[in-house]
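Please view the structure alongside the text.

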Amino acid sequence: MSAVLSNALPFDRLVDACASDWRAYIEHPFVRGMGDGALPEASFRHYLKQDYLFLVHFARAWGLAVYKARSMGELRQGLDILKAIVDLEMGLHISWCAEWGVSEDDLAMLQESRATMAYTRYVLDAGASGDLLDLHVALAPCVVGYADVASWLLAQPFLKRDGNPYMRWIDMYADAEFQQAAQAERDWLNARLAGVTPERFAQLSRIFRDATRLEADFWQMGLTLAD
Ligand SMILES: Cc1ncc(C[n+]2csc(CCO)c2C)c(N)n1
């Protein structure tokens, strides 16, 4: 078992180090509810609204990645992702909310839930107090996890395609372009993690696990309509 683990790619070792937390996130009841279409629409709407605030802070986190850059390549990577979120993702999210009956005025008046606050500020602090690798590891459950959620759902026998209001959400994250972006992040992390000491790897594993648990809490917030 340990031989398998040590031969595994570094990113897979991060996941293996918190396997039960990772599964609880990827296979969360909120995710299953999107898959079989039984998730209450109020839960999805609550999630969508909080996700707007999440995206604002996520954009700030990529701004922090720009600040933490130590090379032109890193500077451009942070800038490109920051621009994609601000110029594309935010607009897409606003039209997605509109389709679900949430107006821009609603979004402007939103109160941030504790789960949104906990997760986004955790990621920003991991980056502010650490280096670019700490920040990427804190962001990885978001970037890579959603690709895994979509792939996992597509492989489930309970997936309901016809008449499922969440099918478009699943298809969006299952899309090749999004899967490639997630793979690019895995590749970047595999390259950066390859040379770290066991002590540093253990430190980064804790950040990855914390962020994974905070992602699961974000689903739970949607499910329970927590504020
Ligand atoms: C709580 C929460 N976690 C992850 C994502 C997914 N996500 C948001 S931005 C981004 C990267 C693309 O720029 C990804 C994958 C989400 N929407 N909400």
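## Helix α6

In this predicted model, helix α6 has a bend of about 35 degrees at Ile 85. The helix comprises residues 72–99, a run of 28 residues. From its first C-alpha to its last, α6 reaches 39 Å, which is close to the 40 Å expected at 1.5 Å a residue. Just after α6, Gly 101 adopts a positive phi of about 80 degrees.

Which residues of α6 are buried? They are Gln 77, Gly 78 and Ile 81. The elements that cover these buried residues include α5, which spans residues 41–68. In general, an α-helix has 3.6 residues a turn, so residues three or four places apart point the same way.

## Ile 170 and its surroundings

Why does Ile 170 count as buried? The criterion is 20 or more other C-beta atoms within 10 Å of the residue's own; Ile 170 counts as buried because it has 21 C-beta neighbours inside 10 Å.

Leaving aside residues up to four places away in sequence, Ile 170 touches Met 34, Ala 150 and Leu 153. Of these contacts, Ala 150 is 20 residues from Ile 170 along the chain, and the C-alpha atoms of the two are separated by 5.4 Å.

## Secondary structure and annotated domain

The chain contains 12 helices and zero strands. Read from the N terminus, its elements are accordingly α-α-α-α-α-α-α-α-α-α-α-α.

An unreviewed UniProt entry carries the annotation "domain: Thiaminase-2/PQQC" for residues 22–223. Over residues 22–223, the chain is 82% helix and 0% strand.

## Overall dimensions and packing

How does the radius of gyration of the chain relate to that of a compact globule, and what is its value? A compact globule of 227 residues would have a radius of gyration near 17 Å, and the chain has 17 Å, so the two agree. Taken along the principal axes, the C-alpha atoms fill a box of roughly 50 × 40 × 30 Å.

Of the 227 residues of the chain, 30% count as buried. Among contacts between residues at least 6 apart in sequence, 81% join residues at least 24 apart.

Conventions
Residues numbered from 1 in each chain as written. Predicted model: local features only at pLDDT ≥ 70, side-chain atom pairs only at ≥ 80, totals over all residues. UniProt positions renumbered as here; feature names shortened; annotations may be inferred. Helix = DSSP H or I, 4+ residues; strand = E, 2+ residues; numbered from the N terminus. Rg over C-alpha atoms; globule rule 2.2 N^0.38 Å. Buried ≥ 20, exposed ≤ 12 C-beta atoms within 10 Å, placed from the backbone. Contact = placed C-beta atoms within 7 Å. Expected span 1.5 Å × (residues − 1). Bend = angle between axes of the 7 residues up to and from the residue.
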